[in-house]
Amino acid sequence: MAPTTLLVIALALAVSMQTTLGKKMKCKDLNVDACAYAVESSGKRCVLEKPLLSLTSNEYTCTTSEIVADKLNDWIETEECINACGVDRKPLGISSDSLLDRDFVEKMCSDACYTSCPNIVDLYFNLAAGEGVYLPKLCESRKSNQRRELLLLSSNLAAISAVSPAARSVNALSPTAAVSLADSKNTDSSPAPAPTIGSMI
């Protein structure tokens, strides 16, 4: 193949990639089956909602939440991670309630999820932090003392609900309200690090 032909092909591929990368992914453009656990180009998480005018129907829409994912964007979660972490493709809103389920915590803390699915782990890390629970510590104690950690989480959820029933809604939990990893480290002398995208590369 002539060098000129190779150059033309390389330029065509470069232009094609720039066009593809230039298109911003928005939650509102996603199919409802790809919405949950997706992150749009802005870094904000997508959330599945039922329109106010369609409370009695099965119609859902994908909207942009105010929750920002940590170092993630243009992300649609894989079926492998959905299954490994025990999450559902059709949850309405974003809630920490799942953390009260022992089976869910067991799947979330499994190697298949915790070390391979940074998007889902990042979300639940921040949801747990918002309830005053450090997810790595919960995972470490799940075999020996999980009952105590779950009781702590449950009491925190109850206290938040008593103050404001809306406190656990997707709009109430902002990235600034969630406890950061650095803050969490101050409460635990040797925590396990939360997985990052870099650990997968």
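Which backbone oxygen does the side chain of Arg-89 reach at 2.7 Å? It is the one of Glu-77.

## The overall picture

What you see is a predicted model. Its secondary structure comes to 9 helices and 2 strands. Read from the N terminus, the order of elements is α-α-β-β-α-α-α-α-α-α-α. The protein has 201 residues, and buried residues make up 36% of them. Taking contacts between residues at least 6 apart in sequence, 64% join residues at least 24 apart.

How far can the model be trusted? The mean pLDDT of the protein is 73, with 57% of the residues reaching 70 or more. Over residues 163-194 the pLDDT is below 50, and this stretch has 40 contacts in the model beyond near neighbours in sequence. Another such stretch is residues 4-20, where pLDDT stays under 50 and the model has 2 contacts beyond four places in sequence. Among the elements, helix 3 has the highest mean pLDDT, 97, while helix 9 (residues 181-185) has the lowest, 37. Where pLDDT is low, the predicted coordinates should not be read in detail.

## Back to Arg-89

Arg-89 sits in the loop that runs between helix 3 (79-85) and helix 4 (102-108). Is this residue buried or exposed? Arg-89 counts as buried because its relative accessibility is 13%, below the 20% limit for that class. Besides reaching the backbone oxygen of Glu-77, the side chain of Arg-89 makes a polar contact of 2.9 Å with the side chain of Glu-79. Leaving out residues up to four places away in sequence, Arg-89 touches Val-32, Asp-33, Ala-34, Ala-36, Leu-48, Glu-77, Thr-78, Glu-79 and Ile-82.

Helix 6 covers residues 118-130, 13 residues in total, and reaches 18 Å from its first C-alpha to its last, close to the 18 Å expected at 1.5 Å a residue. This helix is mostly covered, with 11 of its 13 residues buried. Among them are Pro-118, Asn-119, Ile-120, Asp-122, Tyr-124 and Phe-125.

Gly-130 also lies in helix 6, but Gly-130 counts as partly exposed because its relative accessibility is 30%. Its C-alpha is separated by 8.7 Å from that of Ser-96, 34 residues apart along the chain. Just after helix 6, Gly-132 takes a positive phi of about 85°.

In soluble globular proteins, nonpolar side chains tend to be buried together. Here the largest nonpolar core has 30 residues, and Tyr-37, Val-87, Met-108, Ile-120, Tyr-124 and Leu-135 have the most contacts inside it. Two or more residues of this core come from each of helix 3, helix 4, helix 5 (111-114), helix 6 and helix 7 (135-140). Which helix gives the most to this core? That is helix 6, with 7 residues.

Ile-120 shows how far these links extend along the sequence. Leaving aside neighbours within four places, Ile-120 is in contact with Tyr-37, Glu-77, Cys-81, Ile-82, Cys-85, Val-87 and Met-108. A second, separate core of 8 residues includes Cys-27, Cys-35, Ala-38 and Cys-62.

## Aromatic pairs

The structure holds 2 aromatic pairs. In one of them, the ring centres of Phe-125 and Tyr-134 are 5.8 Å apart and the planes lie at 75°, so this pair is edge-to-face. Phe-125 and Tyr-134 are both buried.

Key
Residues are numbered from 1 along each chain as its sequence is written. This is a predicted model: local features need pLDDT of at least 70, side-chain atom pairs count only at pLDDT 80 or more; totals for chains, interfaces and linings use all residues. Side-chain values use heavy atoms; hydrogens and water are left out. Helices (H or I, at least four residues) and strands (E, at least two) are DSSP runs, numbered from the N terminus. Buried means under 20% relative accessible area, exposed over 50%, partly exposed in between (1.4 Å probe, protein chains only). A polar contact is a pair of N or O atoms within 3.5 Å; within protein, one must be able to donate a hydrogen and the other to accept it, and residues adjacent in sequence count only if both atoms are side-chain atoms. Contact means heavy atoms within 4.5 Å. The expected span of a helix is 1.5 Å times one less than its number of residues. Rings of Phe, Tyr and Trp (its six-membered ring) pair if their centres lie within 6.5 Å; planes under 30 degrees apart count as stacked, over 60 as edge-to-face and the rest as tilted. pLDDT is the predictor's confidence in each residue, from 0 to 100. A nonpolar core is a set of buried Ala, Val, Leu, Ile, Met, Phe, Trp, Tyr and Cys residues joined through side-chain atoms within 4.5 Å.
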